[in-house]
Structures are given as structure tokens and as C-alpha cells.
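Thank you for making time for this. Please have the sequence and the model open side by side, and we will go through a few parts of the structure together.

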Amino acid sequence: MPDLSHGDNAAAVNALRSAIMRLSRRLKHQRVDESLSPTEMSVLGTLARCGSATPGELARKEHVQPPSMTRIVALLEAKGLVRLEPHPEDRRQKVVSQTETAEAMLEESRRKRNAWLAGLAADLDEEEWAKLRAAAPVLEKLAHL
């Protein structure tokens, strides 16, 4: 673990946290479907990245309690964005899958957010773009730790 008592490391962590929070807030406003909560969008994103999962698996991945995930899945199902199917090995469980409607909505949301972010980055010079390309995998790793 880096020494956060070192001024440069502490400043970098502080700047990173602040920038990520501001960008995240601004990206959240670029949603296609305003009727979905950020948590519901996150669950759909997890299903898109990881594939079908049980509500318990989704709860672990999303860092929420299982009863909360059960409610979220029920809301998404009522909106036609996920479907529940019997678990192939454990009849007591269900498997949650996203629907084609959810896939299309997520694709449109990604397109809109990517376009917005690309617009912000349009004024970056080549050196800044190189730094951004180098930082992207590191930020991705942090997001999944």
C-alpha cells in the first residue's frame, strides 16, 4: 500500500476521489431513462457485464443486502427490463437475466454518455490523451476491486 503520509500520494488520492465524484455525478445526468434509479441502472450494467445471476449473486456484486436486491429485481421485472427463470440446479432459486429492452436501453445510455464524455475530452491535447489511455485500465481495475 502506498504511503499516504507522503504528500504527493495523499494529494493524488484526494484529486482522484474528487474528480471521480464530480464526473460520476455529471455522468448520472446523462441517463436515457430517468425513471430508473442509479441502483437499478447499476444492476442492469452488472447483468450486461457478468451475465445472468441469482439475486444473491447480484446483491454481493452490488454490495447491497439480499432483501434490497429482491425488491430491485422485482421493480426491474415489473418494468420489463429483467426476467426471472428457474435456476438450472437449485429449484429454490431464480436466475435474473436482462431483457432485449434493457440491452437496447443500456446501449443507448452508453452511447449518450460516451458522446458526452468525448465532447468534454475534445479539447485534450495528444499528451493528455496518452495519459488518459494509460489511466483507463488502472481506473477500471480500481472500479472492480
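Let me begin with a question: which residues does Leu58 touch, not counting residues up to four places away in sequence? Keep in mind, while you look, that this is a predicted model. The residues that Leu58 touches, with that same exclusion, are Val43, Thr46, Leu47, Ala53, Met69, Val73 and Val96.

Leu58 also belongs to the largest nonpolar core, which has 18 residues, and together with Leu44 and Leu76 it is one of the three that touch the most other members. At least two residues of this core come from each of four helices, namely α2 (38-50), α3 (55-62), α4 (66-78) and α5 (100-121).

After α2 comes Gly51, whose phi is positive, near 85 degrees.

In the loop between α2 and α3 we find Thr54, which counts as buried because its relative accessibility is 6%, below the cut-off of 20%. If we leave aside its neighbours within four places in sequence, Thr54 is in contact with His87, Gln93 and Lys94.

Now compare a residue in the loop between α3 and α4, which is His63. Is His63 buried or exposed? His63 is exposed, because its relative accessible area is 71%, and the cut-off for exposed is over 50%. Its phi is near 60 degrees, a positive value in a residue other than glycine.

Moving along to helix α4, we come to Val73, which counts as buried at 4% relative accessibility. Leaving aside neighbours within four places in sequence, Val73 is in contact with Leu58, where we began, and also with Val82, Leu84 and Val96. Between the C-alpha atoms of Val73 and Ala115, which are 42 residues apart along the chain, the separation is 29 Å.

Strand β2 holds Gln98, and with a relative accessibility of 13% Gln98 counts as buried. Not counting residues up to four places away in sequence, Gln98 touches Leu44, Leu47 and Ala48, then Leu81, Val82 and Arg83, and finally Glu103 and Leu106.

Finally, let us turn to open space. Rolling a probe the size of a water molecule over the atoms shows where empty space is left. The largest pocket has a volume of about 2,100 Å³. It is lined by 43 residues, of which Ser24, Leu27, Arg113, Glu140 and Ala143 are the closest to its centre. By class, the lining has 23 nonpolar, 12 charged and eight polar residues.

Key:
Residues numbered from 1 in each chain as written. Predicted model: local features only at pLDDT ≥ 70, side-chain atom pairs only at ≥ 80, totals over all residues. Heavy atoms only, no water. Core = buried A, V, L, I, M, F, W, Y, C linked by side-chain atoms within 4.5 Å. Buried < 20%, exposed > 50% of the residue type's maximum accessible area, 1.4 Å probe, protein only. Contact = heavy atoms within 4.5 Å. 1 Å grid on protein atoms, 1.4 Å probe; cavity = no way out; pocket = protein on both sides within 12 Å on 5 of 7 lines; lining within 4 Å. Points joined across faces, edges and corners; volume = space filled by probe spheres on them. Nonpolar A, V, L, I, M, F, W, Y, C, P; charged D, E, K, R; others polar.
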